[in-house]
Each structure stands twice: as C-alpha cells, then as structure tokens.
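Take a look at the chain below.

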Amino acid sequence: MDFSNSLVIISGTSRGLGNSLANGFLKEGADVHGLGRSSTIEHPNYSHSSIDLSVPENISKLEFEFEKEYESLILINNAGRLGKVASFKDLEEEGIIQTANLNFLAPILLTKKFLDLDCNRSAQKYVMNIGSGAAYNEYDGWSMYCSTKAGLSMFSRTVHLESKMGKANCKIVDLSPGIIDTGMQDEIRSRKASDFSQLERFVEYKQNGDLQSADYTSELIISNFEGLFKKESFSDSVRNYK
Ligand SMILES: NC(=O)c1ccc[n+]([C@@H]2O[C@H](COP(=O)([O-])OP(=O)(O)OC[C@H]3O[C@@H](n4cnc5c(N)ncnc54)[C@H](OP(=O)(O)O)[C@@H]3O)[C@@H](O)[C@H]2O)c1
C-alpha cells in the first residue's frame with residue numbers, strides 16, 4: 001500500500017511498538033499524529049497531542065484538525081498498560097480504573113472520534129486495535145489486562161460485523177502483535193513469581209532470544225497492512241505473516 005497520502009494517528013508513540021510504527025509510517029511518507037503523555041519523535045511530518053488517555057474527559061476534549069485531503073486515514077490504538085500484576089483481590093480501585101480506561105475505553109472513544117472526523121468522502125478509514133493473545137488466554141495476576149484486551153477484541157469484532165453489513169464507515173482489525181522486546185516485557189519480568197505463576201516462561205523468552213523486536217513487528221504490520229483488513233476474520237496475529 002502507498003502511504004504517501006495517508007494520515008496515521010497512533011497512540012503511545014514515545015516507545016515500544018507505537019514508536020516503531022510511527023517511525024515506520026514516516027519512512028513510508030505518511031503524516032503521523034501521535035497521542036500520549038510524552039513525545040520522542042522529531043520529524044517534519046510528525047505532530048503530537050500530549051494526553052493522558054486513561055482520563056476519558058481528556059479524550060472528549062481532544063480535537064483532531066487536519067487540513068490536507070488524505071486518501072486514507074488510519075487510527076492505530078496501540079497505547080496500553082499491564083497494570084499491577086497481582087491477584088484481582090489485591091488490586092486497588094484506582095489501578096483497575098486506569099487499566100480499564102486506557103486499554104478498553106480509550107480505544108473505543110478514539111474510534112468514535114475518528115469515525116466522526118470530517119474528511120474527503122472517498123477517503124478510506126482503517127482502525128487497527130492492538131490486542132493481545134492475553135485476550136484469549138487467562139493468566140493469573142493479569143485479570144485487568146486479559147479482560148480489557150478481551151473486551152477490545154469483542155468491540156473490534158462487533159464493528160467488523162457492522163462494516164461487513166455496510167453499517168460502519170471503516171475497516172477494522174484486532175491485531176495480536178506477538179511477544180515483543182519492549183518496556184512492557186521488562187515490566188513483566190520484573191514481577192514476583194508469587195504474583196504471576198508464568199513468570200519463568202517470560203524470563204525464558206528473553207533468555208532464549210524468542211522476543212521479536214518492535215521494529216521487526218512494525219515492518220510486518222506495515223508491509224502487510226491492507227492484507228490484515230482483507231481477511232474475513234475480525235482478529236489476526238502477526239504470527240500469520242512471518
Ligand atoms: N510487548 C509485548 O510483548 C506485547 C504483546 C502483546 C500485546 N502488546 C500490546 O502492544 C501495545 C504496545 O505495547 P508496548 O510493549 O510497546 O508497550 P510499552 O513499551 O510499555 O509502551 C506503551 C506506550 O503506551 C503509552 N501509554 C502508556 N500509558 C499511557 C497513558 N496513560 N496515556 C497515553 N499513553 C500511554 C506510552 O506512552 P507515554 O508513557 O508517553 O504516555 C508508551 O508509548 C500495547 O497495547 C500492548 O498491550 C504488547
């Protein structure tokens with residue numbers, strides 16, 4: 001796909017997968033707009049809204065204003081948090097709300113704002129929600145992460161159905177990016193085995209060199225971009241494109 005007349009809005013561009021995706025799309029000639037608490041990208045075609053996406057009111061106040069008439073508009077809901085790794089009974093209400101807001105509510109509110117965005121009528125809109133295998137597999141200590149990713153997957157699935165029925169003005173996919181060598185994996189390995197029985201498995205992924213780099217993952221996503229939306233299934237995994 002030619003991205004030279006595309007606008008790509010990506011949440012969480014300061015580091016990890018979102019940072020690699022933003023740089024990858026910039027290399028392809030797209031204009032990129034990042035959303036997140038901090039910004040680390042300097043590029044003439046990059047703009048940024050400083051925003052804490054775990055506060056829904058911030059998203060309500062957010063205004064997208066783009067003057068160019070793009071051929072394609074892309075929203076990538078990438079920002080996410082693991083939150084505290086502990087049994088659900090030991091989580092605090094504040095952390096529960098933050099994880100639910102960032103991983104589940106923020107992508108939904110951003111998708112709504114994005115679909116309402118006035119633009120060239122013939123522009124194709126794409127929404128990519130970065131999901132996780134944790135949406136389909138339960139891990140002790142990850143109740144909020146697993147359940148918010150599962151909720152996001154069902155949201156994508158429902159809008160995908162509406163899109164197939166001609167009732168949604170976008171193409172949408174829920175994408176599991178694989179296990180990536182980012183700060184989130186550092187965070188997982190820093191937890192206690194007493195809080196997370198699968199800890200050793202994740203330590204071994206790193207030791208055995210099984211983690212994908214964020215750049216490799218973003219290259220797979222960008223080079224297979226249109227194909228990811230063409231499949232009949234609402235959900236996909238980068239593992240299918242290696
Ligand atoms: N790493 C993996 O193995 C893996 C596996 C499956 C799925 N995923 C998913 O892939 C996505 C990216 O993960 P990653 O590993 O790249 O994570 P990461 O390295 O921890 O980066 C997270 C990004 O999210 C942003 N973010 C966090 N809290 C935010 C907030 N309150 N408001 C706005 N932005 C916020 C951060 O930006 P600021 O701090 O600047 O706000 C940062 O850029 C996530 O949705 C994650 O669930 C990752």
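The report goes from the whole chain to the sheet, then to single residues and the ligand.

**The chain as a whole**

This is a predicted model: local features need pLDDT of at least 70, side-chain atom pairs count only at pLDDT 80 or more, and totals for chains, interfaces and linings use all residues. Residues are numbered from 1 along each chain as its sequence is written.

The secondary structure comes to eight helices and seven strands. Helices (H or I, at least four residues) and strands (E, at least two) are DSSP runs, numbered from the N terminus. The C-alpha trace spans about 55 × 40 × 35 Å along its principal axes.

How much of the chain is buried? Of the 242 residues, 36% count as buried. A residue is buried if 20 or more other C-beta atoms lie within 10 Å of its own, exposed if 12 or fewer, and partly exposed in between; the C-beta atoms are placed from the backbone.

Contacts also reach along the sequence. Two residues are in contact if their C-beta atoms, placed from the backbone, lie within 7 Å. Among contacts between residues at least 6 apart in sequence, 67% join residues at least 24 apart.

**The sheet**

Strands of a sheet pair through backbone hydrogen bonds, either parallel or antiparallel. In this model, seven strands form an open sheet in the order E3-E2-E1-E4-E5-E6-E7, and the pairing is parallel. At the edges are strand E3 (46–50) and strand E7 (235–237), each of which pairs on one side only. Two strands pair if DSSP finds at least two bridges between them. Neighbouring strands are turned by 20 degrees against each other on average, direction ignored.

Now follow strand E5 (residues 124–130). Five bridges join E5 to strand E6 (residues 171–176), and the two run parallel. Six bridges join strand E4 (residues 72–77) to E5, also in parallel. Some of the bridge partners are listed here.

| Residue | Bridge partner | Strand of the partner |
|---|---|---|
| Ile74 | Tyr126 | E5 |
| Tyr126 | Lys171 | E6 |
| Asn129 | Asp174 | E6 |
| Ile130 | Leu175 | E6 |

Six of the seven residues of E5 are buried, so E5 is largely enclosed by the rest of the structure. For E6, six of the six residues are buried, so E6 is largely enclosed too. Both faces of E6 are covered. Lys171, Val173 and Leu175 are buried on one side, and Ile172, Asp174 and Ser176 are buried on the other.

Helix H4 (residues 143–164) lies across E5, E6 and E7, running at about 150 degrees to E6. Axes are lines fitted to C-alpha atoms, for helices over the stretch in contact, and angles run from 0 to 180 degrees between N-to-C directions.

Is Lys125 buried or exposed? Lys125 lies in strand E5. With 20 C-beta neighbours inside 10 Å, Lys125 counts as buried. Beyond its neighbours within four places in sequence, Lys125 is in contact with Leu73, Phe114, Leu115, Asn169 and Cys170.

Thr217 sits in helix H7 (residues 214–223). Thr217 is buried, with 25 other C-beta atoms within 10 Å. Not counting residues up to four places away in sequence, Thr217 touches Leu17, Ser20, Pro177, Gly178, Ile180, Gln212 and Val238. Thr217 and Gly178 are 39 residues apart in sequence and 7.9 Å apart in space, C-alpha to C-alpha.

Glu94 belongs to helix H3 (residues 93–116). Glu94 counts as exposed, with 8 C-beta neighbours inside 10 Å. Glu94 and Gly18 are 76 residues apart in sequence and 25 Å apart in space, C-alpha to C-alpha.

**Around the ligand**

Which residues come nearest to the ligand? Of the 28 residues around it, they are Gly12, Gly16, Arg37, Gly80 and Thr182. Helix H1 (16–27) and helix H5 (183–189) are the elements that give two or more residues to this shell. A residue is near a molecule or strand if its C-beta atom, placed from the backbone, lies within 6 Å of it.

By class, the shell has nine nonpolar, 15 polar and four charged residues. Ala, Val, Leu, Ile, Met, Phe, Trp, Tyr, Cys and Pro count as nonpolar, Asp, Glu, Lys and Arg as charged, and the others, Gly among them, as polar.
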